[in-house]
Amino acid sequence: MLSTERVEPSKAKALLVCVFLGFSSGLPLFILYNLLSAWLKSEGVDLKAIGLFALVGIPYTWKFLWSPAMDRFQLPFLGRRRGWMVATQIAVMCAVILMGQFNPKSDIWIVVMLAAVVAFFSASQDIVIDAHRREWLTEEQMGSGTALFVNAYKLSTLVPGSLSLILSDVISWQWVFFITGLFMLPGILTTLLVPEPKLYGPAPNSLREAVIEPFNEFIHREGWKHALLVLAFIFLYKLGDSMATALATPFYIELGFTRTEIGLVAKNAGLWASILGGILGAYWMLKTGVNKALWLFGFLQALAILGFVALSTTGANLWVLSWVIGFEALSVGLGTAAFTSYIALETNPRFTATQFALFTSLSAVPRTFINALTGYIVEVTGWTNFFVLCFILAIPGLLLLPKIAPWAQSKKSQFN
């Protein structure tokens, strides 16, 4: 008989696991959006083509299509969640290492294919890591655990966005991608050591049930109108900052910063801001809850966009770059922590993988399809007007907060 008894993790262990799995979850994405764009730019690939590379992130927006299979089936090792986790992590590591063995000018389509493979298995890893975290953490640990998860996710950008860029000035790109890929190993080790969560009731009996029931439950939970409101908020909340950071590394390079300067500034300003963000985010949500965090952190992540406006007018000023990267790492990380905690509490634990994938897929639409146009927008508007536009696009999501997360109320899961 399948056990539904839940053994709660200790707080220290839960938070430590969230840190390592958050790092493993974020690393492939930032390889695709930071390291890959810097590599292509340094090898002379056109800026418009670099912007179109955002389309390799399509699996992040469509991962809900295969997430039911991860709710329904399990691999013959490590359990339903950890088996899929370790398989996807190994696949990502191998694809990243292999990608660096090709020339992006002469082998562009091979690079595109391998980038798509990284994106597919990275999105699949996210499905099961999100499901594992939702099922394993207690509701009391959800806010602080998610804050640390998200900030470790952001912190992982220091490998492809800092260390790898610095290394690229002294060693070949082949070795850069090899070393970068090996940073998936801590996540693999964590997956092997962390317990498998207990199920909230039986797994879906058929693939059809795994596909239909999660959507049916969400739609009928509070009606169509509420469901559409939730989906609109998920789409809009991160739209502005997602666009603003899509071409951040090419933007810095075009201003005149060297890759080593970008790497060193990101390492220092981004590192300490991310650590501070993790501590503040965990403390704030533990004390005040998710709703107030969505308000405060949402306004901060919108203000961070204005930092790019300032940098575009000052030019290659290392001091301004430090403040822009630091404030972006702090505020956007905090906003993402609150946003992900909100998504987790909207998820029914019986259909964790599918519903969580649906919500996060929708939030990834701007990063994939809209961000693919950012290179063209910059060509028309210039950098300053582009970042002003991004700030304006951050406002609609904030306007939905009174309906989605009333300041005076506390967001609680309906299922725990």
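This is a predicted model: local features need pLDDT of at least 70, side-chain atom pairs count only at pLDDT 80 or more; totals for chains, interfaces and linings use all residues.

Residues are numbered from 1 along each chain as its sequence is written, and side-chain values use heavy atoms, with hydrogens and water left out.

**Whole chain**

I looked up the secondary structure of the protein chain and found 22 helices and 0 strands. Of its 416 residues, 57% count as buried, where buried means under 20% relative accessible area, exposed over 50% and partly exposed in between (1.4 Å probe, protein chains only). With contact taken as heavy atoms within 4.5 Å, residues 24 or more positions apart account for 86% of the chain's contacts with a separation of 6 or more.

**Leu78**

I next asked where Leu78 is found, and the place is the loop between helix H4 (67-72) and helix H5 (80-99). Its phi is near 70 degrees, a positive value in a residue other than glycine. I note for comparison that most residues other than glycine have a negative phi. Leu78 is partly exposed, with a relative accessible area of 28%.

Helix H8 (residues 158-168) is mostly covered, since I find 9 of its 11 residues buried, among them Leu158, Val159, Pro160 and Gly161.

In helix H9 (residues 173-181), I listed Trp173, Val176, Phe177, Thr180 and Gly181 as buried. Seen down the axis of H9, these buried residues fall within an arc of 125 degrees, so they line one face of the helix; the arc is that of the directions from the helix axis to the C-beta atoms.

For aromatic pairs I used this rule: rings of Phe, Tyr and Trp (its six-membered ring) pair if their centres lie within 6.5 Å, and planes under 30 degrees apart count as stacked, over 60 as edge-to-face and the rest as tilted. The count comes to 21 aromatic pairs. Trp173 and Phe177 form one that is tilted, at 6.3 Å centre to centre with 50 degrees between the planes. Both lie in helix H9, 4 residues apart, about one turn of the helix. An α-helix has 3.6 residues a turn, so residues three or four places apart point the same way. Trp173 has a relative accessible area of 11%, and Phe177 has one of 0%. Elsewhere I noted that ring pairs link Phe251, Tyr252, Phe308, Trp383, Phe386 and Phe387 into a cluster.

**Ser331**

Which residues does Ser331 touch, not counting those up to four places away in sequence? I found Phe297, Leu300, Gln301 and Ala304. Ser331 is in helix H17 (residues 318-345) and counts as buried at 0% relative accessibility. The side chain of Ser331 reaches the backbone oxygen of Phe327 at 2.7 Å.

**Cysteines**

Last, I searched the whole structure for disulfides, each a pair of cysteine sulfur atoms within 2.5 Å, and the search finds 0. Cys94 counts as partly exposed at 46% relative accessibility, whereas Cys390 is buried at 0%.

How values were computed. Helices (H or I, at least four residues) and strands (E, at least two) are DSSP runs, numbered from the N terminus. A polar contact is a pair of N or O atoms within 3.5 Å; within protein, one must be able to donate a hydrogen and the other to accept it, and residues adjacent in sequence count only if both atoms are side-chain atoms.
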